[in-house]
Amino acid sequence: MPHEIPTRLVSLLRSCQQCTALTGAGVSQESGVPTFREALDSLWEQYSPEDLATPDAFRRNPKLVWDWYAARRMKVEEVQPNPGHTALVEMSRRIPHFILVTQNVDGLHQRAGSPVVIELHGNIKRVKCFRCEEVVGIWAEVESGVPACPACGGLLRPDVVWFGEGLPEQAMQAARQAAASCQVFFSIGTSALIYPAAGLPHFALDHGATLVEINAETTPLTPYAHFHLPGLSGEILPALVTATWG
Ligand code: BV8
């Protein structure tokens with residue numbers, strides 16, 4: 001179904017000098033990466049993300065958490081960026097200052113060619129030591145369960161931000177700066193429930209930005225959006241790029 005892009009939004013984007021986009025799991029969904037809520041397929045359905053994506057869960061059962069991430073990492077290796085990712089690359093070429101902030105940990109924006117990606121929640125492909133925080137490029141898969149840190153012997157973990165953990169200072173600082181200085185702020189494919197990331201669109205609004213939400217369903221952010229484009233980001237974003245820049 002062709003998506004109608006409001007003409008007021010088209011003219012705004014044509015003259016836009018600074019634009020910031022915040023993406024969530026919905027942008028990767030059409031690549032076949034289950035959204036965070038769906039990330040628990042049959043193998044893991046008895047757990048909720050909050051049960052697995054926390055330091056306590058890892059302390060309690062490091063192998064269970066390690067295996068969940070290993071399964072998600074393998075899934076991410078199998079998939080490709082989708083037209084939504086590609087449209088965001090095109091937007092970064094058309095708008096002088098375009099900053100992409102993502103909650104996603106799958107690295108698909110980088111694979112699609114987005115030049116600047118601020119990863120608020122880390123990256124599932126990177127691994128670090130649970131004890132000394134050393135980021136480990138490659139690691140030996142071990143039979144018994146969770147690989148050990150080559151530097152200190154501690155357990156290795158995915159380099160992602162778990163619930164109850166602070167976001168990378170620099171990334172959050174850059175994201176806030178991008179929200180405060182943009183004319184148009186996009187919130188795309190996110191349930192707008194997870195803080196402090198979900199605070200960024202409100203921060204942008206407080207600084208006078210026009211807020212555009214593209215999402216398959218309404219969210220707590222929808223009432224604040226100047227434009228809410230319901231539907232799939234892999235369809236709406238390409239339609240928006242075509243309507244704006246041909
Ligand atoms: C912290 C990495 C403090 C791991 C993730 C207020 C302020 C600060 C914190 C809190 C607060 N209130 C509560 C908290 C605590 C908590 C929180 O927000 N809890 C929630 C449940 C209320 N926040 C934290 O714990 C954060 N840490 O603040 O610590 C602190 C500070 C300093 C020092 C020490 C401690 C950490 C949060 C980060 C957690 N890690 N990910 C991993 O991936 O395994 S969050 C996880 O959820 C993912 O990263 C994901 O990005 C994120 C949000 O999910 P979404 O991306 O939105 O995905 P979701 O599935 O929810 O929604 C997808 C949407 O897309 C849906 O709406 C769907 O309809 C739509 N969709 C689907 N398909 C499509 C689509 N739309 C368009 N097209 C499609 N095709």
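**Group meeting: the ligand site and the strands**

I begin with the ligand, where an oxygen atom is 2.8 Å from a polar backbone atom of Gly164. That is a polar contact, meaning a pair of N or O atoms within 3.5 Å; within protein, one must be able to donate a hydrogen and the other to accept it, and residues adjacent in sequence count only if both atoms are side-chain atoms. The structure is a predicted model, in which local features need pLDDT of at least 70 and side-chain atom pairs count only at pLDDT 80 or more, while totals for chains, interfaces and linings use all residues. Residues are numbered from 1 along each chain as its sequence is written, and side-chain values use heavy atoms, with hydrogens and water left out.

In Arg72, a side-chain N or O atom is 2.7 Å from a ligand oxygen; in Gln103, a backbone N or O atom lies 3.0 Å from a ligand oxygen. On its own, the ligand has 1500 Å² of accessible area, and the protein covers 74% of that (Shrake-Rupley method, 1.4 Å probe).

Which residues come nearest to the ligand? Of the 34 around it, they are Glu30, Tyr69, Arg72, Val161 and Ser191; a residue counts as near if one of its heavy atoms lies within 4 Å. By class, this shell has 15 nonpolar, 14 polar and five charged residues, with Ala, Val, Leu, Ile, Met, Phe, Trp, Tyr, Cys and Pro counted as nonpolar, Asp, Glu, Lys and Arg as charged, and the others, Gly among them, as polar. Helix H2 (25-29) and helix H5 (62-78) are the elements that give two or more residues to the shell, and H2 provides the largest share, three residues. Helices (H or I, at least four residues) and strands (E, at least two) are DSSP runs, numbered from the N terminus.

I turn now to the strands, which pair if DSSP finds at least two bridges between them. An open sheet of three strands has the order S5-S4-S6, with antiparallel pairing. Strand S5 (135-136) and strand S6 (156-160) each have a single partner strand, so one side of each is left without a neighbour in the sheet. S6 is joined to strand S4 (residues 122-129) by five bridges, and Cys129 stands opposite Leu156 in S6.

Elsewhere, the pairing is parallel. Strand S1 (residues 18-23) pairs with strand S2 (residues 97-102) over six bridges, and Thr20 stands opposite Ile99 in S2. S2 is in turn joined to strand S3 (residues 117-119) by three bridges, with Leu100 opposite Val117 in S3.

Finally, the backbone. Most residues other than glycine have a negative phi, and most peptide bonds are trans. Glu133, in the loop between S4 and S5, has a positive phi of about 70° although it is not a glycine. The peptide bond from Tyr195 to Pro196 is cis, with omega near 0°; Pro196 is in the loop between strand S7 (184-188) and helix H9 (200-206).
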